[in-house]
Amino acid sequence: MKEILIVEQLKKYFPIRRGFLNRKVAEIKAVDNVSFGIDRGETFGVVGESGSGKSTLAYVLQGIYKPTEGRIVYNGEEATHAIKSNPKLWSKNVQIVFQNPGSSLNPARNVYHILKVPFCAFKIARSGSELRQRIEQLLELVKLPADYIYKYPNALSGGEKQRVAIARALAVDPALMILDEPTSALDVSVQAKIISLLSSLQKDLRITYLFITHDLSLLRNVANRIGVMYLGKICELAPTSKLFSDPLHPYTKMLLSSIPVVSEAEEKAKPKKLPSKGEIPSAADVPSGCVFHPRCTEAMEICFGKEPESIHITDNHEVRCHRIN
Amino acid sequence: MILPLLEVKDLHVEFKIYEGELKVLNGVSITVKHGEKVGLVGETGCGKSVTMQSIMGILPCPPGKITKGNVVFKGQTILSIVENEFKGIKATGISYIPQDPMSGLNPVFKVGTQVKDVIKFNRRDSERATGKRIHETIMDAFKKVKLPDPERIAQTYPVQLSGGMQQRVLIAMALVTNPELLIADEPGTALDVSIQDQILGLLNELVLKENVSILIITHNLGVVRTLADKVYVMYAGNIVEEGSTTDLFEDPRHPYTRGLLASVPKITGGGVAEGIRGRIPSYLNPPEGCRFHPRCDHAMSQCEKERPFLFEIEEDHKAACFLCKGD
Amino acid sequence: MAREVSTGLESVQRGWYKFSRSKMSISGLCVVLAIVTLAVFAPLVAPYPEHVGTFLDFSAVFRPPSFEHPLGTDYVGRDVLSRIIFGYRFSLTLGLTVLSLVVPTGTILGLIAGYYKDTWIDTIIMRTTDTFLSLPPLVLALAIAAILTPNLFNAMVAISFAWWPWYCRMIYSITSSLRNEPYILLADVIGAGKIHILFKEVLPNCVSTLLTKTTLDMGFVILIGASLSFVGLGVQAPKPGLGTMLANGTQYLPEKWWVVIFPALAILSVVVGFNLLGDGLRDALGVEEV
């Protein structure tokens with residue numbers, strides 16, 4: 001089966017409760033009707049700005065949040081109910097690397113303990129020496145010296161912390177790894193090393209990646225396909241090179257034209273500069289019709305009232321925009 | 001010849017900690033001329049924050065101390081060693097735009113009040129600023145930073161504003177004192193890329209209209225290329241390369257600059273480079289000679305012993321590397 | 001910037017370096033060490049250990065401070081210095097016992113309430129805590145002690161009732177703030193078990209705060225204990241509780257001042273010593289919640 005994961009019409013709404021009786025007065029539509037598939041062994045990129053819902057998507061797929069609605073299919077089998085009722089079992093297949101290295105590792109425990117937790121939770125290793133051996137193997141995988149087991153997170157640099165976080169995710173030998181902004185907090189030269197590590201791990205261990213970030217230029221170089229998220233919806237989904245050479249959705253074009261690039265060649269490759277209008281509204285107060293219409297320079301009358309359907313331009317390029325028809 | 005607005009001359013700064021002395025700044029020299037947009041770019045731990053604190057006069061001494069060099073602003077020495085004691089003053093005419101709008105604004109006061117406070121505490125003119133004049137100044141500043149509906153914004157609390165608007169308020173706060181030099185700390189880094197783009201565009205415009213100079217301190221090479229005319233690249237307390245933006249980005253000479261630019265993912269593709277091997281050195285026992293040599297693929301024996309000073313490659317393009325000596 | 005080393009030992013060394021730079025903290029440490037030494041070795045250190053129990057020597061009544069009796073004698077001829085040294089024993093016993101009851105109870109309840117924040121478990125535990133907190137500790141301790149037979153043990157029980165909510169609340173606040181940290185969420189999802197999460201992930205983050213608060217509290221608990229003794233609900237005469245000594249001696253002011261002033265200074269020394277030590281710990285460990 002080509003796809004390792006299929007997500008269908010996934011929704012995650014958070015209720016806003018007010019008043020003495022805790023009545024639900026509104027909803028934060030963090031993830032709203034998201035559908036995509038990830039092929040085995042590929043890197044699927046999700047790009048979006050803050051408030052787009054990409055981190056919520058990551059948390060739902062890891063089982064930290066329960067989906068409000070929708071289906072998740074894993075390896076061809078229905079998995080939605082299993083994730084809801086037994087997230088522990090699910091986390092053997094899917095592991096997440098969090099964004100902020102500072103808070104993804106327990107500052108009060110050392111590396112040995114941090115890496116021990118998944119082994120003990122899943123009872124993978126029993127004896128102390130076996131545990132020690134496995135932990136040292138993990139450290140070797142992420143190219144950290146074995147004596148790092150005694151170190152506390154505050155003694156590690158940002159890049160080293162992320163390596164430990166990656167090692168922790170690899171402990172259970174997952175088939176899919178969710179990388180939630182894994183390098184956003186790192187310097188660019190450190191980022192390059194972590195990306196390089198992730199690349200080689202993917203080749204050696206044949207892991208599938210769901211790579212979530214706000215950095216489109218990073219995805220240009222690591223992702224096979226990219227989904228662009230805005231206010232909980234995927235507005236465009238295409239193979240990487242197609243997205244960059246022929247972006248269709250106005251939001252994609254806006255994102256691409258605002259990237260601060262470092263060379264003339266890249267400047268020429270950017271789409272024409274669109275005046276970027278306004279800011280992303282709150283997900284509790286989603287605009288009517290097309291969620292992007294208040295900021296869209298190409299908005300038509302229909303965009304104010306009617307939500308656009310996701311249209312397949314080609315087999316693997318879809319857009320959610322009234323202009324594309 | 002017109003004097004430069006700001007001159008940091010061969011600044012050496014050390015910090016005393018439990019384990020010993022951190023020799024952070026190792027001879028930093030920066031010049032900002034009137035109307036110039038200068039970028040100081042470097043990764044975490046390179047010493048750019050310490051440089052910035054030295055310029056603004058807020059370097060904590062102790063544990064910090066200057067061992068050599070000074071800082072001159074508008075011809076006046078604002079930081080130096082006088083009779084073995086560090087002497088620094090907070091210069092008027094320098095305004096600071098903080099990095100993170102969330103922590104730069106006090107959440108319990110209205111935005112208008114905070115701007116008013118800045119005006120009141122920084123009055124350079126001898127005129128008594130009346131309430132009406134202050135209000136006009138605030139509205140003026142808000143219009144300059146393109147805040148919609150300035151009257152209403154002045155009455156809101158920071159938490160009611162979006163990140164982009166908060167950043168504009170911070171820029172307005174920096175402008176109301178009519179500074180000659182703006183120091184922008186990681187402009188737009190805390191914001192989404194589309195908003196960052198707006199803010200950078202705004203800063204570009206303001207520099208032209210308001211006749212201020214701007215010193216941009218950031219780790220983001222793309223931001224520096226968008227905004228600055230001249231760039232200084234910093235590594236481990238040294239300036240390793242300086243030059244015009246075009247020169248530096250089209251023809252980087254120092255191995256660190258090259259490594260850095262290669263590590264930036266390009267939208268034209270090409271994969272991600274391997275990065276720069278090794279890690280930033282400890283300031284307790286920094287490497288002898290060139291501080292970058294342990295990580296450099298082109299290191300020669302000379303690099304381990306002698307410290308390279310800035311050699312001229314072409315006019316206004318210099319690199320601190322023996323490979324560039326005699327170009 | 002990554003520091004080059006940070007094993008547990010190095011952290012202790014660095015913490016000590018920070019601590020030792022403050023003269024106040026070092027004085028606090030010295031005072032506390034002195035008091036603890038005196039208390040532990042009381043029978044060996046006190047010049048007249050037999051004066052501690054029932055003892056009468058009317059020939060030596062109300063002797064002012066002299067060479068044989070450096071702090072004088074009291075109204076039945078007992079050596080004040082020896083009684084104070086043994087008084088320290090009672091105080092420290094009280095402090096240690098109360099805190100060993102209160103700290104684990106409060107911590108466990110706080111951990112549970114914080115982990116289950118915004119559920120009925122949280123509500124029950126924290127509203128109970130709030131109820132206890134609404135009464136001033138001294139008043140609550142007095143009320144309970146008054147119901148029970150007055151002695152040292154019951155004084156400890158009474159104070160424990162008044163003290164546990166503070167720990168519960170403090171640990172609750174730390175736990176609930178860590179509840180949604182990524183590493184806790186992850187531990188949850190991989191099924192690490194609640195006991196593991198609370199005791200092996202959250203609790204280590206509370207250690208500095210607990211240490212600081214416990215140290216600071218020693219002084220205050222001892223003070224409350226002395227207050228109880230002062231009103232007759234704690235250590236009973238003729239046992240040498242510091243508060244009891246104070247109570248019995250006030251009527252002889254101002255002529256026979258040494259019978260009151262020295263026990264008062266003793267109480268002061270304990271409170272100030274632990275306060276300074278606690279403050280020093282707080283600064284050295286970088287604790288903010290206390």
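I count two residues as in contact if their C-beta atoms, placed from the backbone, lie within 7 Å.

**Before starting**

I am working on a predicted model, where local features need pLDDT of at least 70, side-chain atom pairs count only at pLDDT 80 or more, and totals for chains, interfaces and linings use all residues. Residues are numbered from 1 along each chain as its sequence is written, while chains are lettered from A and ligands numbered from 1 in the order in which they are written.

**Entry 1: Ala172(B)**

I began with one residue and asked what Ala172(B) is in contact with, leaving aside its neighbours within four places in sequence. I found Val115(B), Ala141(B), Phe142(B), Lys144(B) and Val145(B).

I placed Ala172(B) in helix H6 of chain B. For helices I take DSSP runs of H or I with at least four residues, and for strands runs of E with at least two, numbered from the N terminus.

Is Ala172(B) buried or exposed? I call a residue buried if 20 or more other C-beta atoms lie within 10 Å of its own, exposed if 12 or fewer, and partly exposed in between, with C-beta atoms placed from the backbone. Ala172(B) has 28 other C-beta atoms within 10 Å, so I noted it as buried.

I also looked up Ile94(B), which is 78 residues from Ala172(B) along the chain; their C-alpha atoms are separated by 14 Å.

The domain bounds come from an automatic or database domain assignment. I noted that the C-alpha centres of the two domains of chain B lie 33 Å apart.

**Entry 2: the sheet in chain B**

I traced an open sheet of eight strands in the order E7-E8-E9-E3-E10-E11-E13-E12, with mixed pairing. Two strands pair here if DSSP finds at least two bridges between them. Which strands stand at the edges? They are E7 (94-97) and E12 (311-314) of chain B; each has a single partner strand, so one side of each is left without a neighbour in the sheet. The twist averages 20 degrees from one strand to the next.

I then picked one pair: E11 (residues 238-244) and E13 (residues 317-319) of chain B run antiparallel and are joined by two bridges. Glu242(B) has Lys318(B) in E13(B) as its bridge partner.

Helix H6 (residues 163-175) of chain B, where I had placed Ala172(B), packs on the sheet and touches E7 and E8 of chain B. Its direction makes about 170 degrees with that of E7(B). For such angles, axes are lines fitted to C-alpha atoms, for helices over the stretch in contact, and values run from 0 to 180 degrees between N-to-C directions.

I saw that helix H1 (residues 48-56) of chain B lies across E3, E7, E8, E9 and E10 of chain B, running at about 150 degrees to E8(B).

**Entry 3: helix H1 of chain A**

How many residues of helix H1 (residues 54-62) of chain A are buried? I counted nine of the nine, so this helix is largely enclosed by the rest of the structure. Lys54(A) and Gln62(A) are among the buried residues. Just after H1(A), Gly63(A) takes a positive phi of about 95 degrees.

**Entry 4: chain C**

I found 11 helices and zero strands in chain C. Its C-alpha trace spans about 75 × 50 × 30 Å along its principal axes. Of the 290 residues in chain C, 44% are buried. Among its contacts between residues at least 6 apart in sequence, 70% join residues at least 24 apart.

**Entry 5: what touches chain A**

I looked at chain C first: 17 of its residues are in contact with 24 residues of chain A. On this side of chain C, H8(C) gives the largest share, five residues. I sorted the residues of this side into 10 nonpolar, four polar and three charged. Ala, Val, Leu, Ile, Met, Phe, Trp, Tyr, Cys and Pro count as nonpolar, Asp, Glu, Lys and Arg as charged, and the others, Gly among them, as polar.
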